[in-house]
Amino acid sequence: MEVLIRENADAGCLLGARIIAQLVRTKPAAVLGLATGRTPLRLYHELIRLHREEGLDFSRVTTFNLDEYVGLPASHEQSYRHFMQENLFRHLDIDPARTHVPDGTAADLQAECRNYEARIAAAGGIDLQLLGLGRNGHIGFNEPTGSLRSRTWVKILSEQTLHDNSAVFGTLAEMPRHAITMGVGTILESHQLLLIAFGPAKARAVLHMIEGPLAAICPASALQLHPRAIVVLDEASAAALQYADHYRWVDRNKLDWQRFT
Ligand code: F6R
């Protein structure tokens, strides 16, 4: 795992956007895996700026989002399809037909999960998957103790996740209890992973993910198995790490071609 600690979330998001931009420049038809949530918003703002001001071209890019709430149509303000539309897609030259978010309103949810896997495979797999991190160590909506080999499936959200995400729903009762999510196994098949996590509330999950044992109790610890996993942190989310000085040392001593430009 490559751990990159930056002074704050802003610097971390700019770095994350540079990593994605570098991929899109070298592979214009890249397949990107995307995430929703508070964490990637600044990164998406930067991608929009790079598109507007530096001509970063998304016209041939394909995207697959990690997850979607069960029961929410694309038109619902809290659906992840709506989130992506508002916060990224409508600001880019991306072809809407190439943007994929699981359909949480599908009559047959299990068929939708299989179909989502098939669409990822038909696109040639994901080149880079962007991930956020739940306070409980979840990635996508793969909650603690779920299988580390899971494929796209329907998950019951944990009480902590309901609580963490409920603010935007008004009341807890209005929030869906289920989501379709790529499985941990699906995520691990991406050619490259880029996880971003900022702020003190993530410090415990970051510690478990990077330095804890590989264990389903922290689904993000599965990143330890991936040969090309980059984790971008700020000082606050990195605060509990025992080997933070080592990660900084490695970061400072990279060869030129190992750096993100
Ligand atoms: C979002 C997702 C989740 C979030 C995680 C962190 O598509 O899959 O795993 O990345 O819950 O959320 P924020 O960024 O809001 O702290």
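By class, the lining of the largest pocket comprises 17 nonpolar, 13 polar and 7 charged residues. Here Ala, Val, Leu, Ile, Met, Phe, Trp, Tyr, Cys and Pro are nonpolar, Asp, Glu, Lys and Arg are charged, and the others, Gly among them, are polar. The model is predicted, so local features need pLDDT of at least 70 and side-chain atom pairs count only at pLDDT 80 or more, whereas totals for chains, interfaces and linings use all residues. Residues are numbered from 1 along each chain as its sequence is written, and side-chain values use heavy atoms, without hydrogens and water.

The largest pocket has a volume of about 770 Å³. Of its 37 lining residues, Thr 36, Gly 37, Arg 38, Tyr 80 and Asn 165 are the closest to its centre. A pocket is an open set of points on a 1 Å grid over the protein atoms alone, where a 1.4 Å probe fits, with protein on both sides within 12 Å along at least five of seven lines; lining residues have an atom within 4 Å of a point. Points are joined across faces, edges and corners, and a volume is the space filled by probe spheres set on them.

At least two lining residues of the largest pocket come from each of α1 (9-26), α2 (41-54), β4 (67-69), α3 (80-87) and α5 (159-165). The greatest contribution is that of α5, with 4 residues. Helices (H or I, at least four residues) and strands (E, at least two) are DSSP runs, numbered from the N terminus.

The second largest pocket holds about 490 Å³ of space. Among the 21 residues that line it, the closest to its centre are Glu 2, Gln 192, Arg 228, Ile 230 and Phe 260. Two or more lining residues come from each of α1 and β10 (229-234).

In helix α7 (residues 203-211), Ala 203, Ala 205, Val 206, Met 209 and Ile 210 are buried, that is, under 20% relative accessible area with a 1.4 Å probe and protein chains only, while exposed means over 50% and partly exposed lies in between. Viewed down the axis of α7, these buried residues fall within an arc of 160 degrees, so they line one face of the helix; the arc is that of the directions from the helix axis to the C-beta atoms. They pack against β1 (2-6), β9 (192-197), β10 and α8 (244-252), with contact meaning heavy atoms within 4.5 Å.

Thr 145 lies in the loop between β6 (128-131) and β7 (153-156). Its phi is near 80 degrees, a positive value in a residue other than glycine. Thr 145 counts as exposed, at 59% relative accessibility.
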